[in-house]
Amino acid sequence: MNSICVKAPATTANLGPGFDCLGMALDLWNTLEVTPGEVIPDAPLPGDGHLVEITGHGAGELAADSSNLIYRSMRFLFQEAGQELPSLSLRCHNEIPLARGLGSSAAAIAGGLVAANALSGGVFAAKELLEMAATIEGHPDNVAAAVLGGLQLVLSDERQLYTAPIATPPELQLVLFIPEVRIATEDASAVLPSHISVADAVHNTSRIALLVAGMATNHPEYLRLATEDRLHQPYRQPLFPAMKVIFAAARDAGALGVFLSGSGSTVLALTQGREMTVAHEMAEAARQANVAGEVKITKPTMQGAHLVEC
């Protein structure tokens, strides 16, 4: 059988107030090549039969055997289909940084599921892939965007997932400051409070509503207020103290809105123009705070994980 190739996007979750219910796909991609029956020469753990070659982010760090998340996601789908996963090799080129709040695990899961679905004969629809992805990941916000693309509102009633796509303003650009420092999702979750005040709940509920309205009706002037948050960012700031000054620099430089991407450490600014100025000021604020990192300018993408020509 010929190789199957898949591209899977980076994602940002929460967008400020939309904690665990908003996710957006970014035009920043990991690429996966799956070759049935092939064993990569000189790969780690010879005899495993399911070996992984990784370039880019995670090379020498991510699992290169059958414990790799992409492989495990593929095995999950084949089990759901009642089929046996064939011997195969994986080649991954990763443009998505790890542990920076850009959905690297969601991309791995979505990419693996799309590849496995193609290998299995395309037995599952996108909604079913999303259900599997959320089960593997443990939360649905990043994987909803990684599977479906675009900006997605996603929620669960504990029986099934519900998603609603949200339009984004034309010409919307995204400026990312990606620090070298990592924040593990587990650490970012551990600092969150078990209870919040009614005032904070109302604050975030109103901002989520304004954010959805501002995006869907092309009112970017709403986004500065709409990306405010009281549920998670204030509690995560001690994990990344420079966050506050980078936020301020982005706003002062003309960003429409700014927020911590997922659980961090990436800071994401929404823009329609002045991208280079916003990027420069974010990087300069980080430099003055002695935080090393890189800046990327990208945009939302309407495509989720999808097959491409190898």
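Buried means under 20% relative accessible area, exposed over 50%, and partly exposed in between, with a 1.4 Å probe and protein chains only. The model is predicted, so local features need pLDDT of at least 70 and side-chain atom pairs count only at pLDDT 80 or more, while totals for chains, interfaces and linings use all residues. Residues are numbered from 1 along each chain as its sequence is written, and side-chain values use heavy atoms, with hydrogens and water left out.

**Exercise 1. Compare the accessibility of the partners in the bridges R207 to E228 and R159 to D157.**

Step 1. Side chains of opposite charge can pair when their charged atoms come close. The closest N and O atoms are 3.0 Å apart for R207 and E228, and 3.3 Å apart for R159 and D157.

Step 2. R207 is buried, at 18%, whereas E228 is partly exposed, at 29%. R159 is exposed, at 74%, and D157 is partly exposed, at 28%.

Step 3. These two bridges belong to a structure that holds six salt bridges.

**Exercise 2. Describe the largest pocket by its volume and its lining.**

Step 1. The search uses a 1 Å grid over the protein atoms alone: a cavity is a set of points where a 1.4 Å probe fits but cannot get out, and a pocket is an open set with protein on both sides within 12 Å along at least five of seven lines; lining residues have an atom within 4 Å of a point. Grid points are joined across faces, edges and corners, and a volume is the space filled by probe spheres set on the points.

Step 2. The largest pocket holds about 960 Å³ of space. Its lining has 49 residues, with G103, S104, S105, E137 and T185 nearest the centre.

Step 3. Helix α2 gives the largest share of this lining, six residues.

Step 4. Ala, Val, Leu, Ile, Met, Phe, Trp, Tyr, Cys and Pro count as nonpolar, Asp, Glu, Lys and Arg as charged, and the others, Gly among them, as polar. On that basis the lining has 22 nonpolar, 18 polar and nine charged residues.

**Exercise 3. State which element gives the largest share of the lining of the second largest pocket, and describe the faces of α9.**

Step 1. About 190 Å³ of space lies in the second largest pocket. Its lining residues include E228, M243, K244 and F247.

Step 2. The largest share, four residues, comes from α9.

Step 3. M243, I246, F247, A249 and A250 are the buried residues of α9. They cover an arc of only 165° around the axis, taken from the directions to the C-beta atoms, which puts them on the same side of α9.

Step 4. The face turned away from the buried side carries the exposed residues K244 and D252.

**Exercise 4. Check the span of α1 and locate its buried residues.**

Step 1. The expected span of a helix is 1.5 Å times one less than its number of residues. For the 13 residues of α1 this should be 18 Å, and the end C-alpha atoms are 18 Å apart, which agrees.

Step 2. The buried residues of α1 are I70, Y71, S73, M74, L77 and F78. They fall within an arc of 160° seen down the axis, so they line one face of the helix.

**Exercise 5. Locate the backbone exceptions at S265 and D20.**

Step 1. Most residues other than glycine have a negative phi, and most peptide bonds are trans.

Step 2. The peptide bond from G264 to S265 is cis, with omega near 15°. S265 sits in the loop between β8 (257–260) and β9 (267–271).

Step 3. D20 has a positive phi of about 65° although it is not a glycine. D20 lies in the loop between β1 and β2.

Notes. Helices (H or I, at least four residues) and strands (E, at least two) are DSSP runs, numbered from the N terminus. A salt bridge is a side-chain nitrogen of Lys or Arg within 4 Å of a carboxyl oxygen of Asp or Glu.
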